[in-house]
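Hello,

Please find the structure below, as promised. My notes on it follow.

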Amino acid sequence: MQPRLRAMGTKQRSPVPRRALEAIRAFGGHSVVVTPDLRVVYQSSEADALPIVVGQVLTHPKLVQLARTAWRQGQAIVHHQKFTDLGPIEQAEVSATKLAGRCVLLTVTDLTATMRIEQVRHDLISNIGHELRTPVAAVQVIAETLDVAKDDPVAVERFSGRLKVEAERMGRLIEDILALAVAQDRNTERFTLVDLAEVVAEACRHEATRAQSEDITVDVIGATGPVEVMGDPSALVTAVDNLLDNAVSYSSRGSRVEVSLTVDQALGQGAIAVADFGIGIDPRDQVRIFERFYRSDRARSRRTGGTGLGLAIVKNVALGHGGTVSVRSRPGVGSTFIVTLPLATAEPDRPVAAPQTPEATV
Ligand code: ADP
């Protein structure tokens, strides 16, 4: 849509100098030019979509107030605020500038998306701070206790063991924060041809000792030949590792975990499924477990050394590779997490179908 220069009547000349209008048009964005009595003499097509003008008159209360102030003071005013009456714009910077002619230019810069990103960043930083506070506080208490009990070798041994546990907890949290940063990076430049069979084998090797210590058998089934995708091998191993780690953590001793690798040539996708026969996940939690730091059972997660970031990493790795992750689970029966990835042979712009009937897919 072309920006509109409002009709001023046949005898009337536009109060906006032609050159100024050209500059405003070239600048783009949501802009309107009004006369001191609030008649709109120019409105960009973007501003057309906003509920700020009725007939040919500026009616939005905040914008009216800014236009009047700019007119009275003769100088530019910049105002930043939240809006509930500006259409899709929830936060904006509005500037009002008196132009050389007899009018005021109003520009509305939409900050809604920027502020949402800021909010997510702010929440992440405060969550990280909150998560680190617990082990740091524990380390402080243990260090003070050690100081008091330094002549008691039994107490020293016990508390130094706890010190190690807390240090490991902090180490895991830092490792997971860094892994999440890598997973959120959508840069595909470092992608190479990766065989998913090797990814599964590598992740199983990582988990072997822990699974053995819990007397849990890990069975690998499915595709034997190479299943090639374009990707970051270490990020993919981390993702499968996290799923296996959870499968072991949330199963009872002597249980079994199944990892399967399948190929669907018709859909052009490979799928890795990690199934356990453990505690399962309540349907209300299934939609939230991929959020950062969300745990359905905080105490259990802390006992098993979880950071609450494992599935957020899996989700971001899958999405960053053009894939999906989904979960099927029943409390008391077990859980299956499925990651699908487009095969390297798939056409680049071919849509990748989500797995069938997942309870929660992201
Ligand atoms: P955590 O480090 O707490 O395991 P994750 O992001 O890996 O964090 O998982 C989030 C939550 O999802 C866990 O705290 C747990 O409640 C639930 N969960 C994840 N995997 C499983 C599973 N295989 N079985 C049961 N619950 C699971």
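The protein chain has a radius of gyration of 29 Å, whereas a compact globule of 362 residues would have one near 21 Å. Its C-alpha trace spans about 90 × 65 × 35 Å along the principal axes. The chain holds 10 helices and 16 strands.

Please keep in mind that this is a predicted model. The mean pLDDT of the chain is 88, and 91% of the residues reach 70 or more. One is residues 7-11, with 5 contacts in the model beyond near neighbours in sequence. The other is residues 349-362, for which the model has 35 contacts beyond near neighbours in sequence. Where pLDDT is low, the predicted coordinates should not be read in detail.

The rest of this message is about helix pairs. Two packed helices are described by the angle between their axes and the distance between the axes.

H4 and H5

Helix H4 covers residues 112-148, and its axis comes within 10 Å of the axis of H5, at a crossing angle of roughly 160 degrees. H4 is therefore roughly antiparallel to H5. The crossing is left-handed. From H4, the contact includes Ile 128, Leu 132, Pro 135, Val 139 and Ile 142, and from H5 the residues include Phe 159, Leu 163, Met 170, Leu 173 and Ile 177. Charged residues take part too, among them Glu 131 of H4 and Arg 162, Glu 166 and Arg 169 of H5. By class, the contact of H4 with H5 has 14 nonpolar, 1 polar and 4 charged residues.

H5 and H10

H5 (residues 153-184) also meets helix H10 (residues 310-320); their axes come within 8 Å and cross at roughly 20 degrees. These two helices are therefore roughly parallel to each other, and their crossing is left-handed. On the H5 side the residues are Asp 176, Ala 179, Leu 180, Ala 183 and Gln 184, and they meet Ala 312, Ile 313, Asn 316 and Val 317 of H10. The residues of this contact divide into 6 nonpolar, 2 polar and 1 charged.

H6 and H7

The axes of H6 (residues 196-213) and H7 (residues 233-249) come within 9 Å and cross at roughly 40 degrees. H6 is therefore oblique to H7. Among the H6 residues in the contact are Leu 196, Val 199, Ala 203, Cys 204, His 206 and Arg 210, while H7 contributes residues including Leu 236, Val 240, Asp 241, Leu 244 and Val 248. In total, the contact of H6 with H7 has 10 nonpolar, 2 polar and 5 charged residues.

Regards

Definitions and conventions:
Residues are numbered from 1 along each chain as its sequence is written. This is a predicted model: local features need pLDDT of at least 70, side-chain atom pairs count only at pLDDT 80 or more; totals for chains, interfaces and linings use all residues. Side-chain values use heavy atoms; hydrogens and water are left out. Axes are lines fitted to C-alpha atoms, for helices over the stretch in contact, and angles run from 0 to 180 degrees between N-to-C directions. Helices (H or I, at least four residues) and strands (E, at least two) are DSSP runs, numbered from the N terminus. Angles under 35 degrees count as roughly parallel, over 145 as roughly antiparallel, 65 to 115 as roughly perpendicular and the rest as oblique. A crossing is left-handed if the near helix is turned anticlockwise from the far one by less than a right angle, and right-handed if clockwise. Contact means heavy atoms within 4.5 Å. pLDDT is the predictor's confidence in each residue, from 0 to 100. The radius of gyration is taken over C-alpha atoms; the globule rule is 2.2 Å times the number of residues to the power 0.38.
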